[in-house]
Amino acid sequence: MGKLSAVFVLISITLLPLQSCRGGNPVYDELMRRGVPIGAREVVRLPAPTLADGLTAEQQRHAVEGIADGTHTWEELTRRSVVAPFVFKMPKETDQGGPGRRVDLWFVAYGNMSTLENNEWLERQFKTTGSETDPDNGAVVKVLTEGDLARHGVRLGQSADEPQYVFAELTLLDRVRLSVTTRGAKLQTPESVTTASLLDPRFANDSQYANRWRPVLRDDNNRRYLGKPEPYFGYGSYAKATRLLDPPGAILIEYHAAFAEPEGWFNGNNFLCSKLPILAQMIVRQLRRELAKSH
């Protein structure tokens with residue numbers, strides 16, 4: 001499949017293995033209430049899920065058709081095929097000259113909902129993505145321990161709704177090596193699975209798990225090396241998978257993210273945005289294939 005995209009990387013971070021919260025999803029609640037901080041001066045808001053729990057089949061269909069804006073029919077969107085249409089948007093209102101970006105992705109896949117609740121499967125998707133994106137360095141993922149957290153005054157309580165802290169490091173489009181520490185949580189209901197992640201600024205300068213990025217450079221012999229580390233300062237997302245009542249076996253997966261794109265990533269040009277639609281197609285097809293294996 002070749003090199004995968006920054007979008008798949010961001011989706012993978014959102015889907016990292018997380019413990020389930022019984023009473024709610026505190027990270028998701030914070031995202032909806034406050035938005036995603038992009039540095040000190042910018043906040044990007046994420047939309048509410050397209051599908052709430054408890055909808056009828058007719059209500060689900062009406063909501064899904066609404067996101068397509070007439071470009072695809074219900075029958076096309078729910079076609080049982082790896083190459084069925086999907087909906088991808090980068091809202092223009094977030095393009096105000098700052099580093100904040102937002103992406104929204106919706107697609108229907110067929111498989112078992114239990115697969116999306118399986119932490120081993122989710123971790124495998126993340127590591128596979130990282131390895132294909134950067135075969136030399138691969139992807140790193142680590143759930144932080146109480147000792148790791150204590151250095152920053154983070155103390156986990158006994159509540160089942162405690163977020164989990166995850167460190168991830170990977171490469172974007174062969175140009176940027178990115179590392180982030182996020183707070184994440186997962187909520188499972190009989191109808192859906194919702195995972196949410198938010199960059200934790202307390203790890204900005206951590207000696208092991210810093211939020212930072214480094215350019216991927218090449219020397220005169222075309223050998224890759226990493227440039228000077230720079231701080232990374234904004235990321236938040238959630239993904240919701242909802243079982244459709246009709247057609248049987250169909251799942252709507254929606255993903256909403258806001259992230260900082262520092263000017264130094266691609267020298268201020270439109271390189272990332274120009275790649276996203278084609279690369280989103282690769283993402284959707286791969287996830288559909290993997291889910292179909294479980295059906």
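Which residues does W265 touch, not counting residues up to four places away in sequence? Select W265 and you will find that it touches L172, V176, L178, W213, Y232 and A260, where contact means heavy atoms within 4.5 Å. Before going further, note that this is a predicted model, in which local features need pLDDT of at least 70 and side-chain atom pairs count only at pLDDT 80 or more, while totals for chains, interfaces and linings use all residues. Residues are numbered from 1 along each chain as its sequence is written, and side-chain values use heavy atoms, with hydrogens and water left out.

**First stop: an aromatic pair**

Rings of Phe, Tyr and Trp (for Trp its six-membered ring) pair if their centres lie within 6.5 Å, and planes under 30 degrees apart count as stacked, over 60 as edge-to-face and the rest as tilted. By this rule there are four aromatic pairs, and Y232 with W265 is a stacked one, at 5.6 Å centre to centre and with 10° between the planes. Y232 sits in the loop between strand 11 (230-231) and strand 12 (235-243), and W265 in the loop between strand 13 and helix 7 (271-292), so the pair ties together parts that are 33 residues apart in sequence. Helices (H or I, at least four residues) and strands (E, at least two) are DSSP runs, numbered from the N terminus. Y232 is buried at 4% relative accessibility, and W265 is buried as well, with a relative accessible area of 5%; buried means under 20% relative accessible area, exposed over 50%, and partly exposed in between (1.4 Å probe, protein chains only).

**Second stop: the nonpolar cores**

Now select F107, Y232, I253 and W265 together, which are the residues with the most contacts inside the largest nonpolar core, a set of 51 residues. A nonpolar core is a set of buried Ala, Val, Leu, Ile, Met, Phe, Trp, Tyr and Cys residues joined through side-chain atoms within 4.5 Å. Helix 7 gives the largest share of this core, eight residues. Apart from it lies another core, of 14 residues, among them V64, I67, L77 and W106.

Select residues 100-110, which make up strand 4; 11 of its 11 residues are buried, so the strand is largely enclosed by the rest of the structure. In a regular strand the side chains alternate between the two faces of the sheet. Here both faces are covered, with G100, R102, D104, W106, V108 and Y110 buried on one side and R101, V103, L105, F107 and A109 buried on the other.

Next, show the neighbours of this strand, bearing in mind that two strands pair if DSSP finds at least two bridges between them. Strand 3 (residues 87-89) pairs with strand 4 in the antiparallel sense over three bridges, and K89 stands opposite D104. Strand 13 (residues 250-260) also pairs with strand 4 in the antiparallel sense, over 11 bridges, and in strand 13 the bridge partner of R102 is A258.

**Fourth stop: salt bridges**

A salt bridge is a side-chain nitrogen of Lys or Arg within 4 Å of a carboxyl oxygen of Asp or Glu, and the structure holds 17 of them. Select R101 and E261, which form one whose closest N and O atoms are 3.2 Å apart. This pair links distant parts of the chain, with E261 in the loop between strand 13 and helix 7 and R101 in strand 4, 160 residues apart. E261 counts as buried at 8% relative accessibility, and R101 is buried with a relative accessible area of 16%.

Move on to K142 and D148, whose salt bridge has its closest N and O atoms 2.9 Å apart. K142 counts as partly exposed, at 29% relative accessibility, whereas D148 counts as buried, at 8%.

**Last stop: helix 2**

Finally, select helix 2 (residues 26-34), whose buried residues are V27, Y28, E30 and L31. They cover an arc of only 160° around the axis, which puts them on the same side of helix 2; the arc is that of the directions from the helix axis to the C-beta atoms. What covers these buried residues includes strand 1 (36-38), strand 7 (176-188), strand 8 (192-199) and strand 12. To end, select E30, R34, R183, D200 and R202, which are linked in a network of salt bridges.
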